[in-house]
Amino acid sequence: MQKRSDDRLIAYLDGELEVAERREIDAWLDADPAAREKLAALAASANLVRLAFDEVMHEPVPDRLIAAARGEMVLPEPGGQVLPFKRRRGIERTTGTHHWRIGLPVAAALFGLLLGGGAVYLGAGKLVPGGMAGKQPALEAAAADNVWLDNAAGYFRLLASAGDNGLIDVPATGDPREALQKISQSLPQEVRLPDLKPWGLNFRGARLVVAEGRPAAQLVYTTDNKAIGPLTLIIGSSKQPDISPTLATRQDVNLLYWRHQGHAYALVGQADVGYLWGIAKDVAWQLDAI
Amino acid sequence: MSIRFGDQLIVVLPRLRRFARGLAGSAVDADDLVQAACERALARQHQFQEGTRFDSWMFRIVQTIWIDQVRSRDVRKVSGDIAEERLGSDEPVRRVEARLALDEVRRAVDRLPPDQRTALLLVTVDGLTYKEAAEVAGVPVGTIMSRLARARIALQLQLEAGGGMGRSTKDAEAQ
């Protein structure tokens, strides 16, 4: 009898009982404080189990699994490290220059704190201590990154608060390629459109924005899945050196940004970081951006 | 290979990894399991029936491969030994309390029998209905219900016995 009660109590908690059975359990709970206590403990332990495994969803998916899903092969990395992006059809191993750097955002955040508002002055060649002179280009690049990432997060917030199509310059009505062609006319180079439908993300249109002081396209994707979207992908041109995909946050907005062969990319949204890593990998794969 | 099929696989990868992590215990073993499942799915994609749930089909493949591994390597014994060793080993002194508590939960899940662990991961962690979980596990709904109940009660007893229930709840709330 005790076992049966446990079964039913747990099924009640999981919403698996029919109406009549539910009423029986409701009556039982009303009459028995011990049953209520047991139900509360079961609910708490279920919540803990979910939490215990939830962090896996926030981890980047290793490239070997992405490759396996696409029916490709990637040679294993010693020590089970997460592999860097691979070229769309490449199967050769790359060396450490393009590794995803989990530690980099932390370092960048500390670096940003140290720089603070002085970054502008450093960029202008003022207040640079003698020993720092050789590091000035790196500081300038870091300051520039801060500015354009601030802007990218701001563009996202504007769009998210404006709602459907509110601020989209070129809505994707009909053939999305037309929207891309129109926005590309204002850019130094043509923009290609990553297909994010497998993630449940629909392309809604594009905006003209500024990234690294140059015109860039902000591609807008929306979805009914609030855990993922809306998302924006900024694609612009860049004269800065290539960098590996790097995570940054601006309040409640997550950004994954990288530069590759004269292009700057930023995937921006409020999705869990795990999703962003996965989507960014897919984008890079499709655009051959890494 | 159908591009759509591969794309569907990529979308479900995070959930497969979470399911596999619960089954296999370690991150590396779990990813090996998911990789093997992807390869098997691609080889047998003609067996997938359009209109049915792709995620359930993949969960089933992961579970089948894992059961094969359990049977061939007696994984239960190995994982039990490791769990006890971990409990008695020196934990880093400054380990974050919340992480400790969640580790304790994962170890408790790891000690469950394979069939109960599978039911728990499918229903409680991934949110499948009893019917969906029964289809994945290839058993009647009533069996899932009883496995799940045994798993949940055993888990609660383990956490209470280790003092983890109070601490875990408190730490989890603090997260």
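How many helices and how many strands make up the secondary structure of chain B? Chain B comes to 9 helices and 0 strands, where helices (H or I, at least four residues) and strands (E, at least two) are DSSP runs numbered from the N terminus. Read from the N terminus on, its elements run α-α-α-α-α-α-α-α-α.

The model described here is predicted, so that local features need pLDDT of at least 70 and side-chain atom pairs count only at pLDDT 80 or more, while totals for chains, interfaces and linings use all residues. Residues are numbered from 1 along each chain as its sequence is written, and chains are lettered from A and ligands numbered from 1 in the order in which they are written.

**The two chains**

Chain A contains 9 helices and 7 strands. The table sets out two values for each chain; a residue is called buried if 20 or more other C-beta atoms lie within 10 Å of its own, exposed if 12 or fewer, and partly exposed in between, with C-beta atoms placed from the backbone. Two residues are in contact if their C-beta atoms, placed in that way, lie within 7 Å.

| Chain | Residues | Buried |
|---|---|---|
| Chain A | 290 residues | 34% |
| Chain B | 175 residues | 42% |

Among the contacts in chain A with a separation of 6 or more, 53% are accounted for by residues 24 or more positions apart; in chain B, the corresponding share is 66%.

**Where chain A touches chain B**

The contact between the chains takes 34 residues from chain A and 43 residues from chain B. On the side of chain A, the elements that give two or more residues are helix 1 (2-13), helix 3 (33-54), helix 4 (63-69) and helix 9 (273-287), and the largest share, 11 residues, comes from helix 3 of chain A. By class, this side of chain A has 21 nonpolar, 5 polar and 8 charged residues, where Ala, Val, Leu, Ile, Met, Phe, Trp, Tyr, Cys and Pro count as nonpolar, Asp, Glu, Lys and Arg as charged, and the others, Gly among them, as polar.

In helix 8 (residues 176-184) of chain A, Ala179(A), Leu180(A) and Ile183(A) are buried. Seen down the axis of helix 8 of chain A, these buried residues fall within an arc of 100°, so they line one face of the helix; the arc is that of the directions from the helix axis to the C-beta atoms. Arg177(A) and Glu178(A), on the other side of helix 8 of chain A, are exposed. The buried residues of this helix pack against strand 1 (170-171), strand 2 (202-211) and strand 3 (214-222) of chain A.

Arg22(A) lies in helix 2 (residues 19-31) of chain A and is partly exposed, with 15 other C-beta atoms within 10 Å. Leaving aside neighbours within four places in sequence, Arg22(A) is in contact with Tyr12(A) and Leu17(A).

**A helix pair in chain B**

The axes of helix 6 (residues 114-125) and helix 7 (residues 130-137) of chain B come within 9 Å and cross at roughly 135°; axes are lines fitted to C-alpha atoms, for helices over the stretch in contact, and angles run from 0 to 180 degrees between N-to-C directions. That makes helix 6 of chain B oblique to helix 7 of chain B, given that angles under 35 degrees count as roughly parallel, over 145 as roughly antiparallel, 65 to 115 as roughly perpendicular and the rest as oblique. The contact is made by Thr118(B), Ala119(B), Leu122(B) and Val123(B) of helix 6 and by Tyr130(B), Ala133(B), Val136(B) and Ala137(B) of helix 7 of chain B. These residues divide into 7 nonpolar, 1 polar and no charged.
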